[in-house]
Amino acid sequence: MKVRFKSVLISLIASSVLAANAFAAERFIIVASTTSTVNSGLFDYLLPKFTKRHGIQIRVVGVGTGQAIRVARRGDADVLFVHHKKSELAFVRGGFGVERSDVMFNDFVIVGPENDPAKVDVTKTVVAAYQAIADKKSIFTSRGDDSGTHKKSLSIWQAALKMVPLSSGAKWYRETGSGMGATLNIASAMNAYTLTDRATWENFKNKGKLKILFQHDPMLQNQYGIIKVNPERHNHIKSKEADTFISWLLSSEGQTAINNYKLNGKQVFFANALK
Amino acid sequence: MSDFSEAFAAAFALIISFESSLAEIVGLSLQISLIAVLLASLIGLPLGAALAVFRFPGRLTLVVILNALMGLPPVVVGLIVYLLLSRSGPLGTLGLLFTPTAMIIAQTILITPIIAALTRQSTDTLWKEYSEQFRSLGTRPDETVIALLWDNRFSLVTTILAGFGRASAEVGAVMIVGGNIDHVTRVMTTTIALETSKGNLALALGLGIILLCLALGVNAAAFLINEAAVKRHG
């Protein structure tokens with residue numbers, strides 16, 4: 001009995017070590033990206049095409065833009081692929097990244113209750129839509145994290161009210177402190193307005209009584225950029241593999257693949273690296 | 001109610017189709033949690049028993065701390081392991097962040113206090129009963145620890161299962177140190193979190209049902225083995 005236990009123990013440990021080695025043998029890079037690219041299903045479509053062509057596995061860690069930047073800053077990712085240009089440029093300026101390139105864009109939309117109490121569907125600009133929500137004191141949920149979406153939302157509030165609603169203690173404005181999906185689940189349960197990227201919304205299954213009420217404002221364009229983490233700062237960065245991935249994504253092959261990705265029959269990401 | 005029937009339908013469909021991706025996720029979950037339980041038992045069982053047997057200054061303080069550590073928040077453990085294993089952290093050169101090994105480390109830290117504290121508790125009772133005998137026989141303390149653990153082995157199965165339960169059910173720590181990378185560090189609980197965030201509530205709940213069935217299976221197996229062993233050895 002004791003001998004058997006020992007052999008089981010040894011084989012268990014051996015198998016786990018073997019498994020770890022199998023992982024190490026593969027060529028891979030880590031990409032810190034956002035929940036929108038993961039939740040929309042874009043990577044599931046895109047990455048196998050790249051891996052098939054170049055034999056490099058892409059391991060995506062999907063978190064909010066702010067957190068993704070911190071992961072990359074610590075050297076825990078080889079490539080950063082997010083959507084908040086200002087923070088991305090600051091990342092490169094700080095010497096953490098090598099160079100930033102535009103990859104693609106999608107857009108943000110305001111979703112809210114079907115009956116639209118604040119009547120945002122007749123407003124002409126996103127700023128007016130936000131003002132209408134504030135005037136009506138309709139419930140608005142925002143992520144309240146360090147994500148690109150939340151930063152975008154804050155900049156719209158700043159334009160609409162000359163301040164951010166939380167600082168005024170507005171009861172109708174609620175920060176969920178969680179990701180886009182969780183925030184949409186909450187908005188769906190509370191029948192609230194919220195700002196979301198279109199791709200996540202299209203792939204979201206728990207829409208409840210929510211629908212898109214406002215879209216197509218230049219301010220709502222959502223640009224994605226890609227940056228290689230600086231190998232001079234972190235010498236373990238897989239520079240060659242990262243370059244291969246970035247140039248594939250920016251090539252006509254990668255750009256076409258992005259444009260070909262459809263959700264519910266609709267294109268949700270628009271490649272714009274080749275201008 | 002339709003949500004729940006949908007969830008059962010989703011769980012059933014998942015099991016019937018037995019997709020290879022589901023098998024991979026279930027396999028990885030089991031592998032990580034079982035190795036973590038094994039490591040935590042190797043540390044926790046002797047540690048708990050030793051705390052029951054040995055008398056030294058500060059022992060009670062240690063017992064209280066150990067008991068408190070049973071309530072370690074997984075997110076905090078995840079964060080600590082993340083900072084340790086991060087490339088900018090003290091163990092960064094190992095390159096273990098976002099690997100299954102990192103998840104095993106986090107879970108081991110999380111459940112070692114549970115196994116150690118529960119072991120100490122049950123060994124303590126046994127020790128109070130037999131300490132006179134051990135003393136009269138002049139048994140060495142290390143032999144005493146081993147003898148008590150062996151004598152207590154049937155009830156320690158429940159202790160180990162408590163550790164397994166915590167390991168297989170937690171999501172906070174493995175999400176942070178594993179990164180929920182598809183085909184690499186995606187396990188049952190992180191998949192459930194991901195599907196919830198996609199609004200796939202029925203699928204998420206369906207996966208939850210499968211996770212529950214797994215836990216049931218492991219517990220039933222442990223129970224049956226235990227019963228058989230009790231019958232054989234009395």
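Predicted model: local features only at pLDDT ≥ 70, side-chain atom pairs only at ≥ 80, totals over all residues.

Residues are numbered from 1 along each chain as its sequence is written, and chains are lettered from A and ligands numbered from 1 in the order in which they are written.

**Stop 1: chain B**

Select chain B and colour by secondary structure: you will find ten helices and zero strands. (Helices are DSSP runs of H or I with at least four residues, strands are runs of E with at least two, and both are numbered from the N terminus.) The C-alpha atoms of chain B fill a box of roughly 65 × 50 × 30 Å along the principal axes. Of the 234 residues in chain B, 42% are buried, where buried means that 20 or more other C-beta atoms, placed from the backbone, lie within 10 Å of the residue's own.

**Stop 2: two helices**

Now select residues 74-85 and 100-137 of chain B, which are helices α4(B) and α5(B). At what angle do they pack? The angle is about 135 degrees, with the axes 10 Å apart. That makes α4(B) oblique to α5(B); angles run from 0 to 180 degrees between N-to-C directions, and oblique is what remains after under 35 (roughly parallel), over 145 (roughly antiparallel) and 65 to 115 (roughly perpendicular).

Show the side chains of B:P74, B:V77, B:G78, B:V81 and B:L85 in α4(B), which meet residues of α5(B) including B:I105 and B:I109. The residues of this contact (C-beta atoms within 7 Å) divide into nine nonpolar, one polar and no charged. Here Ala, Val, Leu, Ile, Met, Phe, Trp, Tyr, Cys and Pro count as nonpolar, Asp, Glu, Lys and Arg as charged, and the others, Gly among them, as polar.

**Stop 3: where the chains touch**

Show both chains: 21 residues of chain B are in contact with 25 residues of chain A. On the chain B side, α2(B) gives the largest share, three residues. That side divides into eight nonpolar, eleven polar and two charged residues.

**Stop 4: a strand in chain A**

Finally, select residues 79-82 of chain A, strand β3(A). A:V79 and A:F81 point one way, A:L80 and A:V82 the other way, and all are buried. In β9(A), A:I226 is the bridge partner of A:F81.

Notes:
Contact = placed C-beta atoms within 7 Å. Buried ≥ 20, exposed ≤ 12 C-beta atoms within 10 Å, placed from the backbone. Pairing = 2+ DSSP bridges.
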